[in-house]
Amino acid sequence: MGSVLGTLVVMTLVLNFRKPEKEPAHRVARHYNIIDPQLRREMSVLLGPAIVAGNRIQVLQNGDEIFPAMLEAIRGAQRTITFETYIYWSGEVGEQFAQALIERARSGVCVHVMLDWVGCDKISNALLERMKSGGVQVERYHRVRWYTLGRLNNRTHRKVLVIDGVLGFTGGVGIADQWSGHAQDPAHWRDMHFRVTGPVVAQMQAAFLDNWIKTTGHVLHGADYFPDIEPCGTQDIQMFISSPEGGSDSMRLMYLTAITAAERRIDMEAAYFVPDPLMIRELIGARRRGVRIRILVPGSHIDSKVVGIASKHEWGLLLGNGVQIFVYRPTMLHCKLLIFDEYMTSVGSTNFDMRSFELNDEASLNVYDAGFAQQLTQIFERDLAASKPYTLEHWERRGWRERFEEFVLNPVRSQL
């Protein structure tokens, strides 16, 4: 019996050690810059859904701003709530959301919740059962069954909440107590989320439905989910999604296209920064044509020490070519933010690592608006002020233990 169980475990690990069929080698020739209309045309047609006009996006920083805004929206729902998240854990925050969702379901609102089976491992069965008995339709993404063993490593990392088909939220925040507060100490994480209104919310709804349909086979449609949405702002936005089943390379290609088009500066906040050789090559290529690149990553408070170790393996190449890397000091930095030439921004669930590009289901908003980019640049500068530079000299002085750990983890960097 033991040998059979051991064989099953080994087979499951082998099935889930996913590598791309061939190493990514996409070459994106540079034909335009970030503000060129051609970039927007190709982002809309070649890579993702159409960029839609007439939207308004609001930055919410840390739990003290994020959770009250999301809970207010849930409590105000009249017809439908669709909610997909990677992390939903038991605790004070999880209890607040459960109560709000249950109250709306009992009031006749159709409430649909998609939870990742792995990411939500810290939610209690009692809380799940309360939500279900309260009328909330809860589904688990890729929960363990014999016929799903080969997909355990494919997680939904998306964070999408849509209210009545007209109000959306997305970003990096999970439903857990770590995100509460205002990033005031290592027990309270630094993160951003975004409140969105306007026609692009329909794309956010479609992003939720992507995995709801895969999991349940049920198509949620009609005016309660896809109402007519009038323009309400001035920002042009698209909701960009990717998944291994639907073409995981789309997110990587989108980033590559923007990096190649950048002329002046790229600013990045990356909770998990494990770039593949192709991304490293293109970042270095951007530096060599004069683009200033600043990358802000977690410091000693990173929640995954393994990712922190693996991340540094290729830093020498970047630092040696003039890429600036900074480590955030106060607490865990969980933001996912890219700003290109203070015009195009990409925010959402996607990390700058191979797991996000190849294994996870991800969702990010691309915003084409100089005012919004400038607002996020100011936020980036404030986060930078709470960080310290990590130089080539620091990297070269790494101890033997750190180098050995990087060497051991390098073969599995794509799985971290």
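Here is a short chat about a predicted model of one protein chain.

Biologist: How many helices and strands are there in the chain?

Modeller: Keep in mind that this is a predicted model. Going by its secondary structure, the count for the chain is 14 helices and 17 strands.

Biologist: What share of the residues in the chain is buried?

Modeller: A residue counts as buried when its relative accessible area is under 20%. The chain has 416 residues, and the buried share is 56%.

Biologist: What span should helix H7 have, and what do its end C-alpha atoms give?

Modeller: H7 covers residues 249-261, which is 13 residues. At 1.5 Å a residue that should span 18 Å, so it agrees with the distance between the end C-alpha atoms, 18 Å.

Biologist: Is H7 mostly covered or mostly uncovered?

Modeller: The buried residues include Met251, Tyr255 and Ile259. In total 11 of the 13 residues in H7 are buried, so the helix is mostly covered.

Biologist: Is Trp400 buried or exposed?

Modeller: Trp400 is found in helix H14, residues 400-409. Exposed takes over 50% relative accessible area. Trp400 has 65% relative accessibility, so it counts as exposed.

Terms used: Residues numbered from 1 in each chain as written. Predicted model: local features only at pLDDT ≥ 70, side-chain atom pairs only at ≥ 80, totals over all residues. Heavy atoms only, no water. Helix = DSSP H or I, 4+ residues; strand = E, 2+ residues; numbered from the N terminus. Buried < 20%, exposed > 50% of the residue type's maximum accessible area, 1.4 Å probe, protein only. Expected span 1.5 Å × (residues − 1).
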